[in-house]
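Biologist: I would like to learn how to read a protein model. Please take me through it one feature at a time.

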Amino acid sequence: MPTRVTRATRRRAAAVAAVAAGLLLAGCGGASEQETVDWTNGLCSSYATFREAAIVGPQPASDLPAQTRNLSAYLGSTAASLDKALADLDGLGASPVSGGDEAVTKFRDQLGGYRSAFQQARAQVDALDLGSPTLQQDIEGAVAPVLQLQDTNQDPLAGLDSAVTDAATKAPACQNLSRLSSPTPGG
């Protein structure tokens with residue numbers, strides 16, 4: 001799906017960059033570089049949990065009713081990955097850098113919004129009449145909450161200042177997250 005750059009996209013990207021930039025300001029709070037890298041690695045790991053699940057996409061099927069069931073399973077497993085990502089954020093602990101705890105809150109809000117969209121889409125897909133002659137169009141309408149997320153398919157590490165970029169480049173999960181930042185199917 002082509003990604004359109006909208007005002008909302010730019011706003012979300014700026015918010016993510018601002019959140020992440022606030023995470024790792026070197027030297028804030030007296031944290032060692034390794035503590036900062038480890039904490040940042042945990043933050044990226046939580047987000048990557050969702051991205052890895054979303055990239056998988058639904059399993060292919062030979063008929064539309066089977067495709068619908070596979071789509072439901074995909075939406076459910078991605079929502080479950082978001083539950084895990086949110087739990088991982090909760091288990092991250094206090095930030096070793098000033099502004100990090102606020103960043104966790106903002107990441108939690110973003111991932112919570114994603115989870116709501118995937119859960120809502122799954123409920124709508126599960127309610128579809130698999131025998132309907134308009135099933136294809138019905139599916140498209142049911143997944144609208146997830147399709148609206150396509151504008152948020154931005155690398156959450158993009159646009160960080162040099163101190164943040166330095167810590168993120170040392171955190172394996174952040175490196176993997178950059179690798180995973182290609183657009184996701186439906187999410």
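Biologist: What should I know before I start?

Modeller: This is a predicted model, in which local features need pLDDT of at least 70, side-chain atom pairs count only at pLDDT 80 or more, and totals for chains, interfaces and linings use all residues. Residues are numbered from 1 along each chain as its sequence is written, and side-chain values use heavy atoms, with hydrogens and water left out.

Biologist: How many helices and strands are there in the protein chain?

Modeller: Helices (H or I, at least four residues) and strands (E, at least two) are DSSP runs, numbered from the N terminus. Here the protein chain has eight helices and zero strands. Read from the N terminus, its elements run α-α-α-α-α-α-α-α.

Biologist: What share of the residues in the protein chain is buried?

Modeller: Buried means under 20% relative accessible area, exposed means over 50%, and partly exposed lies in between, with a 1.4 Å probe and protein chains only. Of the 187 residues in the protein chain, 44% are buried. Accessible areas come from the Shrake-Rupley method with a 1.4 Å probe, and for residues only the protein chains shown count as cover. The protein chain exposes about 9000 Å², and carbon and sulfur atoms supply 54% of that area.

Biologist: What part of the contacts joins residues 24 or more positions apart?

Modeller: Contact means heavy atoms within 4.5 Å. Among contacts in the protein chain with a separation of 6 or more, 80% come from residues 24 or more positions apart.

Biologist: How do I describe two helices that pack together?

Modeller: Two packed helices are described by the angle between their axes and the distance between the axes. Axes are lines fitted to C-alpha atoms, for helices over the stretch in contact, and angles run from 0 to 180 degrees between N-to-C directions. Take helix 2 (residues 33-56) and helix 3: their axes are 8 Å apart, at an angle of about 175°.

Biologist: Are helix 2 and helix 3 roughly parallel or roughly antiparallel?

Modeller: Angles under 35 degrees count as roughly parallel, over 145 as roughly antiparallel, 65 to 115 as roughly perpendicular and the rest as oblique. Helix 2 and helix 3 are therefore roughly antiparallel to each other. On the side of helix 2, L43, S46, T49, F50, A53 and A54 make the contact, and on the side of helix 3 the residues are Y74, T78, S81, L82, K84, A85, D88 and L89.

Biologist: How do the residues of that contact divide by class?

Modeller: Ala, Val, Leu, Ile, Met, Phe, Trp, Tyr, Cys and Pro count as nonpolar, Asp, Glu, Lys and Arg as charged, and the others, Gly among them, as polar. The contact of helix 2 with helix 3 has eight nonpolar, four polar and two charged residues.

Biologist: At what angle do the axes of helix 3 and helix 5 cross?

Modeller: The axes of helix 3 (residues 64-90) and helix 5 (residues 135-142) cross at roughly 15° and come within 10 Å. Helix 3 and helix 5 are therefore roughly parallel to each other. L64, P65, T68 and L71 of helix 3 meet L135, Q136 and I139 of helix 5 in this contact. By class, the contact of helix 3 with helix 5 has five nonpolar, two polar and no charged residues.

Biologist: What does L64 touch?

Modeller: Residues up to four places away in sequence are not counted, and L64 then touches L135, Q136 and I139. L64 and L135 are 71 residues apart in sequence, with 7.6 Å between their C-alpha atoms. L64 has 24% relative accessibility, so L64 counts as partly exposed.

Biologist: Is S72 buried or exposed?

Modeller: S72, found in helix 3, is buried, because its relative accessible area is 6%. Leaving aside neighbours within four places in sequence, S72 is in contact with R122, V125 and D126.

Biologist: Where does A173 lie, and which residues does A173 touch?

Modeller: A173 lies in helix 8 (residues 172-179). Its contacts are N41, C44 and S45, not counting residues up to four places away in sequence. A173 counts as buried, at 9% relative accessibility.

Biologist: Is P60 buried or exposed?

Modeller: P60 lies in the loop between helix 2 and helix 3. With 74% relative accessibility, P60 counts as exposed.
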